[in-house]
Structure formats: structure tokens, C-alpha cells
Amino acid sequence: MPNEATEKLREMAVHRGFKLVASRRRKPGGDFGKYGLNDAKGEPVFGVGADGLTASAEAIEEYLRGATSNAWSKSAGSTTPRPKPKAEPKAKAASKPRPKPRFKVKVENLLTRLPAAKRAEAFTELLARPGVRVERIVSRGQATPEDAPMVQAQDEWVLLLEGAAGLRIEDSNEVALHAGDHVWIAAGQKHWVTWTAKDRPTVWLAVHLD
């Protein structure tokens, strides 16, 4: 092939990011008159076999024009990498709408909007079921008279939620109660609230059990 044609192929290869490799042999035999293509890093791309160059000038031109066939690529020992197919994005599962609530939760607070309870203790029943009754008691400076102890027919579990108080159960010493303290009072036991805080409300939660 004339040198002018070789230079044309060389320019085409450069424009496509390849380097043309031409046979240096001057005599027929081997890879005489054959060509190949390397990439920019010098790695063989087309027409370069184990025994030398294998592609003709026409095949090089067709390859550079993008028309070379798979059959030629295999016979010429082409190492052209094929692009990997892109994985299709997975479809997102449609989110199910949240079901509408069947009822609205009513939230109340035992420590807000407290009664003044300055003249007498304030009792608020919170729950009443067979065998159990729950109430809130608000005190402010009240105490049980010594000659009138409290006696109940039910067991009582009492929790001091806020404030401070003194409590004495029959045949025991007085104990001081603060927020978080709770006491069990058995049915029929005499007991006295000996004092409650005067500067702030004292809030009790009492559970009565049959």
C-alpha cells in the first residue's frame, strides 16, 4: 500500500484516539502489508495477533469508520472491549397509604389545671371499675385530725406525684413523702396525713382495691 494511504489511515486513527501500527517487513510472508491499532496506552485494540499484525488496510479503514464485523474481529484476534450493559434501575415499590385512625387518643395531665384546694382537699375520680377505683387528691396545708384517723374498707396504694407530706400509719412512726414516693395501706388500718406543704399543691394518686 502506498505511504500516502498509510498516512491517511494514521490520521484517521489519531482522530479516533488510536495509534496505527504498520508492518515493518518489506518482503512477502508473515505480517507483510498488514496493520493493527493500539489504544492511547499502547494496548492492542484491533488487528494485532500473537504472530504479528493481521488486518488489511481496508479492514482498518472499516473499523475506524465503525463498520467492521464481529467475524473479522474474531479472526483478526481483536481485543476490542465491549461496553457492559447498564443495569436497569429497580422500580421503587409503591408505598401504601397509611390507614386512617379509627379513634382519637385523648391525652390529659394530672398536674395541670389543679384545683386551689385551699379550704379543703379536692378529690377527682379518674377511673371506676368493679373492684378498683382510681382518684387524684390535691392537698394544700391540710392534715388529718388526731382524733379522727382515716380508716378504709379497701386496700389502698397511694403515690405522691408532686409536693410533700407526712404520713403515719397505726403502730408506726411518721414518714416524710416526696414526689415519687408510694405507700401501701391495708384495709382497716388507721392512718393520718400529719401535714402537707402549704407553699405549693401536693398531688396524690390513690388506687383503691377491693
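Is Glu-135 buried or exposed? With a relative accessibility of 9%, Glu-135 counts as buried. This briefing concerns a predicted model and covers its nonpolar cores and its salt bridges.

**Nonpolar cores**

- The largest nonpolar core comprises 14 residues. Those with the most contacts inside this core are Leu-9, Leu-20, Leu-37, Phe-46, Ile-60, Tyr-63 and Leu-64.
- At least two residues of this core are supplied by each of helix 1 (3-15), strand 2 (35-38), strand 3 (44-46) and helix 2 (57-64).
- Helix 2 contributes 5 residues, the largest share of this core.
- Another core, of 12 residues, lies apart from the largest one; its members include Val-158, Leu-167, Leu-177 and Val-183.
- Setting aside neighbours within four places in sequence, Leu-64 is in contact with Leu-9, Met-12, Ala-13, Arg-16, Phe-18 and Leu-37.

**Salt bridges**

- The count of salt bridges comes to 6.
- Glu-7 and Arg-10 form a salt bridge through their side chains, at 3.6 Å from N to O. Because these two residues are 3 apart in helix 1, about one helical turn separates Glu-7 from Arg-10. Glu-7 is partly exposed at 39% relative accessibility, and Arg-10 is partly exposed at 30%.
- Glu-61 and Arg-65 are joined by a salt bridge whose closest N and O atoms are 3.1 Å apart. Glu-61 is partly exposed at 25% relative accessibility, whereas Arg-65 is exposed, with a relative accessible area of 53%.
- Arg-133 meets Glu-135 in a salt bridge of 3.2 Å, N to O. In this pair, Arg-133 is partly exposed at 29% relative accessibility, while Glu-135 is buried.

Notes:
Residues are numbered from 1 along each chain as its sequence is written. This is a predicted model: local features need pLDDT of at least 70, side-chain atom pairs count only at pLDDT 80 or more; totals for chains, interfaces and linings use all residues. Side-chain values use heavy atoms; hydrogens and water are left out. A nonpolar core is a set of buried Ala, Val, Leu, Ile, Met, Phe, Trp, Tyr and Cys residues joined through side-chain atoms within 4.5 Å. Buried means under 20% relative accessible area, exposed over 50%, partly exposed in between (1.4 Å probe, protein chains only). Helices (H or I, at least four residues) and strands (E, at least two) are DSSP runs, numbered from the N terminus. Contact means heavy atoms within 4.5 Å. A salt bridge is a side-chain nitrogen of Lys or Arg within 4 Å of a carboxyl oxygen of Asp or Glu.
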